[in-house]
Amino acid sequence: MSIALPPPVAGRQRVAVSTPQLTTGTLIATALAVLVSQMGMSIAAVLNGLFQQDLHTTSSQLTWIADVFLVPVTLFELSFGVLGDLFGRKRLLVGGSLLMVVGEVVSVCTPEIGASNHSAIAVLWTGQALSGLGAAVLLPTSLAMVAAGTHTAANRARGIAIWAAALSTGAFLSPLLGGLATKISWGDNPDAVWRWAFLLVAVIALLSTAVAFGAQNSSAPEGRSLDIPGQITIAVAMFALLFGVIQGSEAGWSDPLIVGAFVVAAVFFALFLVAERRSPTPLLRLDLFRSRAFSVNSIVTVIGMFAFVGTAYATSIRLTSIQGFSPLRSAYAFVLLQGFALVLAPLIARIIRAYNPRWALGGGFLLIGVGDLWLSRLSADTRGVGPTIPPLVLVGIGFALALSGITAVAVNTVPNHLAGMASGTASALRDFGFILGPAIVGTVALSHAAAQIKSKVAASPALQSALAAFNNAPAHAPAALRGQLAQAVGAVNSGPLGANSVPATIPGTTQPFNPLKDVAFHALDSSYQLGFVVCGVAALAAAIIAVVLLGGDAHRPMVTEASLHD
């Protein structure tokens with residue numbers, strides 16, 4: 001039962017809605033909301049190969065399919081945390097789920113490509129952006145509802161562990177169910193089956209919408225209002241930064257547009273800090289970072305989540321786009337990466353309740369780092385899945401420990417009436433790390449692969465001659481084959497992933513076709529091994545920061561009294 005309490009500030013029209021305990025209906029609704037959010041965020045990971053085959057994507061277009069979902073999540077989570085505090089979190093839980101339904105349906109309606117893939121890509125990006133906006137509503141709202149309804153250390157630890165387990169369950173179910181869904185035919189195009197995966201997410205989001213009506217409402221409007229200058233400045237800063245990182249590898253780091261993007265990011269981030277210092281009701285209270293635990297946890301969150309999602313992205317590209325595994329066959333990796341948070345939830349809840357979370361964080365990121373460095377030693381020439389299982393298990397267990405740890409520190413070290421802001425900040429920082437993972441790892445790996453391919457071609461006159469003949473093939477081909485050949489030539493010249501996607505020989509024959517296939521395969525293999533090294537170093541850095549700087553009694557949970565009560 002919810003109890004409405006008048007806020008202490010005179011003149012306020014809104015009243016706080018307090019939740020004495022977390023009801024079963026609320027717990028189920030919040031778990032389903034974060035599950036479907038994470039499903040939407042993760043579903044594209046096993047579909048990269050199909051996107052490339054069906055939509056003939058360039059490297060940057062492929063990266064943006066995943067990141068266009070994460071951009072609104074990162075940009076607007078803080079604002080939706082405020083809106084939930086002001087107007088009630090239940091209505092946001094309903095609205096966010098419904099918005100995800102709309103976005104996934106738009107993605108399903110992506111048209112077939114014609115002479116150009118631009119219109120199809122634009123529809124897919126639009127659908128994913130709408131779904132990401134829905135997830136931006138659900139992620140901070142669901143965590144804030146858990147925090148608002150738990151008032152003892154034991155209940156808080158249990159609630160956070162269940163929330164984190166639901167998040168990871170969504171992440172490993174999406175590629176598994178998505179892989180199964182792609183076994184169903186979609187018209188006459190065998191590469192168009194990825195649309196079933198988005199339809200599946202839409203159905204689960206619709207279920208989340210219905211269940212959300214049974215949740216318990218909560219709010220904390222005291223001292224909260226929309227901070228328009230803060231939202232605008234941080235949105236511009238983060239979008240400019242992400243645009244520069246993602247497009248830099250394709251346009252060149254010295255390109256004026258890319259340099260301008262980084263300048264805009266720096267200027268608007270400075271303006272954001274100024275706006276937050278002057279605002280009476282800031283989007284993000286900068287004094288939260290006076291807490292050593294909150295500040296260190298924020299740094300660890302960005303670095304560590306970058307490492308984890310960079311690992312997942314590199315694994316996805318290796319299995320689907322480099323080795324050519326089907327979505328279902330590659331789903332095993334994501335079950336291992338995400339499934340342990342569910343399996344280990346009871347144990348992790350006890351660890352967080354009994355010990356300082358720096359051990360969960362340090363140990364978790366240490367395991368991720370070791371797993372990444374192990375993966376960096378494995379070649380894509382090994383076609384079986386067996387060698388990748390042990391390092392992926394290490395990364396999965398590490399993520400389960402780290403995710404619950406960073407969530408616990410974020411909500412347990414601030415007053416309970418700031419639960420919405422704290423959960424929004426934690427979600428925004430986590431997802432900023434998430435979005436940097438594909439962007440930076442993709443940029444590093446693809447730039448390295450492109451340089452290797454260029455070097456190989458420059459050093460081999462025979463390869464230059466074969467590539468020139470291949471590029472001229474459409475001009476000499478019969479009219480009936482000219483379009484298909486032009487698409488193949490365009491794919492090979494679009495970048496390393498495109499060059500690897502076109503077969504070396506004409507299917508069904510031994511006649512040579514794509515002269516760059518073998519070169520691109522090995523260039524991508526070594527480049528994504530480098531990506532694993534980058535992620536491993538980041539994870540180890542996060543582990544060291546957490547253990548050394550987080551502080552606190554090793555055998556006591558990090559929970560402040562103010563975080564448990566309104």
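In which helix is Ala 265 found? Ala 265 is found in helix 9, where helices are DSSP runs of H or I with at least four residues, strands are runs of E with at least two, and both are numbered from the N terminus. The model is a predicted one, in which local features need pLDDT of at least 70 and side-chain atom pairs count only at pLDDT 80 or more, whereas totals for chains, interfaces and linings use all residues. Residues are numbered from 1 along each chain as its sequence is written, and side-chain values use heavy atoms, with hydrogens and water left out.

Helix 9 comprises the 23 residues 256-278 and should span 33 Å at 1.5 Å a residue, which agrees with the 33 Å that separate its end C-alpha atoms; the expected span is 1.5 Å times one less than the number of residues. At the start of helix 9, the backbone nitrogen of Leu 257 has a side-chain oxygen of Asp 255 within 2.8 Å. The buried residues of this helix are Ile 258, Ala 261, Ala 265, Phe 272, Ala 275 and Glu 276. Here, buried denotes under 20% relative accessible area, exposed over 50%, and partly exposed the range in between, computed with a 1.4 Å probe on protein chains only. Ala 265 counts as buried because its relative accessibility is 9%. Apart from neighbours within four places in sequence, Ala 265 is in contact (heavy atoms within 4.5 Å) with Ala 237, Ala 240 and Leu 241. Its C-alpha lies 9.2 Å from that of Thr 233, although Ala 265 and Thr 233 are 32 residues apart in sequence.

Eleven aromatic pairs are present in the structure. Rings of Phe, Tyr and Trp (its six-membered ring) pair if their centres lie within 6.5 Å; planes under 30 degrees apart count as stacked, over 60 as edge-to-face, and the rest as tilted. The pair of Phe 51 and Phe 198 is stacked, because the ring centres are 6.3 Å apart and the planes stand at 15 degrees. Phe 51 lies in helix 2 (residues 48-55) and Phe 198 in helix 7 (residues 194-212), so the pair ties together parts that are 147 residues apart in sequence. Both Phe 51 and Phe 198 are buried. A further stacked pair is formed by Trp 253 and Phe 262, with 6.4 Å centre to centre and 25 degrees between the planes. Trp 253 counts as partly exposed at 43% relative accessibility, and Phe 262 counts as partly exposed at 30%. Phe 51 and Phe 198 also form one aromatic cluster with Trp 194.

The largest nonpolar core has 146 residues, and those with the most contacts inside it are Leu 47, Phe 51, Phe 365 and Tyr 528. Such a core is a set of buried Ala, Val, Leu, Ile, Met, Phe, Trp, Tyr and Cys residues joined through side-chain atoms within 4.5 Å. Helix 10 (residues 292-322) contributes the largest share of this core, 16 residues. Tyr 528 is in contact with Tyr 313, Ala 314, Ile 317, Ile 322, Gly 442, Ala 445 and Leu 446, leaving aside neighbours within four places in sequence.

Ser 330 lies in helix 11 (residues 327-343) and counts as buried at 0% relative accessibility. Not counting residues up to four places away in sequence, Ser 330 touches Val 46, Leu 319, Thr 320 and Phe 325. His 56, in the loop between helix 2 and helix 3 (59-87), has a positive phi of about 50 degrees although it is not a glycine.

Key. Polar contact = N/O pair within 3.5 Å; in protein donor to acceptor, adjacent residues only side chain to side chain.
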